[in-house]
Amino acid sequence: MTRKIFTGIISVAVLVMCLCSAFLIGILYEYFGNIVSAELKNEAYFISKGISAEGDEYLNEITDFRNRITVINTDGSVFYDSSGDAQSMDNHSLREEVKEAFATGEGSSSRYSDTLGTRNLYYALKMDDGRVLRVSGKVNSVWSLVLGVLQPMTVVLVLAIIAAGLLSSAIAKHILRPVNSIDLNNPELDEPYEELAPLLKKIRVQNSRIKSQMHELKRKQTEFSIITENMSEGFLIIDDKTEILSYNSAALRLLGVSAEDAAKSRSVLAINRSESFRTAVELALDGKHNEQPMSIGESCSHIVSNPVFHDGNVTGVIIIILDVTEKEQREQLRREFTSNVSHELKTPLTTIYGISDMLAGGIVKADDVKGFSETIRSEASRMITLIDDIIKLSRLDENGSGIEKCDVDIFETAKAVAGRLAHTAEKAGVSVSVKGESCFVYGAPAILEEMIYNLTENAIKYNCENGKVIITAEAVNGRPVVIVEDTGIGIPDEAQKRVFERFYRVDKSHSRRIGGTGLGLSIVKHAAAFHNADLKLESKVNVGTKITVAF
Ligand code: ADP
């Protein structure tokens, strides 16, 4: 604004100065011309009088030649010229002023000298003797006058520029102060100039439009982030240069990157450099929908990438990352389980098949038939136990749907289990005791009994001669707890994490010999989960094992 005001002021100043100067030069030019003309006329008059009185000798008396004096004979030849040799001069009869003087008694004219840049004024007077006396003088040309005023004009111009600078800055400040103090958020409160009223009205309207648009945008953004943040699937939007435009926290979790790293990375390819992720991004940027499996550490993901088209061109990519770790693990467990079951069933079946083959072939002695029949019975019973355990597990796998729940006194259940296993314990030379007090758990009676049974049976099976098993059922800090502890062989540290896995046994042959299926603790784990109970295993080799179930 200051610059505009400055330019305005200086333009007006220069224009005014130029016009004034031109006007002044015109007046001066005319004025000086008139003065010189009058001077020439006077001088001619006095010289002619002098010549009339004293004759041509008078011309010799004139020493001050400010103007050129010429005497022209009646035939036009130059008789005398103060500025040069009169004899060598051309005939002057045709000169305008001379011609006029011969005709009318006096004449005048003016001529420019381009080379000298001056204007010559001539005045001719017919003397009494018929000759013509001509006096000529110089007047400065317009350009000389212009050159003459150039210097003062330059000084004035510089002063005008300084004054314009100061003035424009002061004016701009003065004009802008109230404009700058306008609160653009509430322009209706100030209206320094009425000329600004339409603009302020427009700002008011725009403000309210922007406010409502911002509100709408915020609402949509919140809606979008609520949806994406509550998605368990990872969600990423990138542009056609792989720059990240948007993401949710699930995406960062699944890709294993922090929010800071994601904010720092310009390209999505910098946050995950795996082959499958790169392929997913590149194929989508080529306009192809595609799905890729990807694993990061122990987790497995499934990437779905979709190109975003605009006017037929790919302008970005939407990437969805699905966490399939659990599904993969379940798939793996299912494969392992199938192979384990087949293996576990194959052993007794092979034995039964072998014996029945021998019996059918009649190669078994009558005395051995009883022994072989016993083996078939025990192998068949092992298979029934195994299948029973598998059925129990699969029921628990289905989240125990349809299983009735009620208040169960776990102390009574523990006593019942101890009774059922009394014979087994006696055979193994192990004493079983039950401690605690009546304590209720809201659960499935059969599953609770199965759980305590499995723990107690293990405590007997993996015990030593004259060993002890103590079952405690009571409330600890208001929480119903069942503890089964024994003084048996214990579980090595490295196996403690795995004993709850299906078919895992510390000593496979020992477990099989004593009729174990490898599913007992797995059933306990599922039963505990079904009752939302915590399991805790403490064990020391050759000291004993303590398993706590806290409901
Ligand atoms: P199993 O049918 O073989 O007993 P479980 O799932 O009940 O299968 O137990 C898994 C393994 O954990 C057993 O094979 C055994 O090696 C170990 N185990 C379980 N309970 C005990 C215990 N109380 N003392 C020592 N080892 C145990």
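These notebook entries record what I looked up about a predicted model of a protein with its ligand.

**Entry 1: domains.** I began with the domain assignment, which divides the protein into domain 1 (2-147), domain 2 (231-323), domain 3 (327-396) and domain 4 (403-550). I then looked up one separation, taken over C-alpha atoms: the centres of domain 2 and domain 3 are 50 Å apart.

**Entry 2: the site of the ligand.** I next asked where the ligand sits. I found the ligand in the largest pocket.

**Entry 3: the shell.** I noted 20 residues around the ligand, and those that come nearest are Asn458, Tyr462, Ser511, Thr517 and Gly518. Sorted by class, the shell consists of 9 nonpolar, 8 polar and 3 charged residues. I also checked which helices contribute: helix H13 (445-461) and helix H16 (520-530) each provide at least two residues of the shell. H13 gives the largest share, with 3 residues.

Entry 4: For Lys461, I recorded a polar side-chain atom 3.2 Å from an oxygen atom of the ligand. Gly520 takes part through its backbone, with an N or O atom 3.3 Å from an oxygen atom of the ligand. For Thr545, a polar side-chain atom lies 3.4 Å from a nitrogen atom of the ligand.

**Entry 5: burial.** Lastly, I asked how much of the ligand's exposed area the protein buries. The ligand taken alone exposes 530 Å², and I recorded that the protein buries 97% of that area.

Terms used. Residues numbered from 1 in each chain as written. Predicted model: local features only at pLDDT ≥ 70, side-chain atom pairs only at ≥ 80, totals over all residues. Heavy atoms only, no water. Near = heavy atom within 4 Å. Polar contact = N/O pair within 3.5 Å; in protein donor to acceptor, adjacent residues only side chain to side chain. Areas by Shrake-Rupley, 256 points an atom, 1.4 Å probe, with all protein chains shown as cover. 1 Å grid on protein atoms, 1.4 Å probe; cavity = no way out; pocket = protein on both sides within 12 Å on 5 of 7 lines; lining within 4 Å. Sits in = over half its atoms within 2 Å of the grid points. Helix = DSSP H or I, 4+ residues; strand = E, 2+ residues; numbered from the N terminus. Nonpolar A, V, L, I, M, F, W, Y, C, P; charged D, E, K, R; others polar. Domains from an automatic or database assignment.
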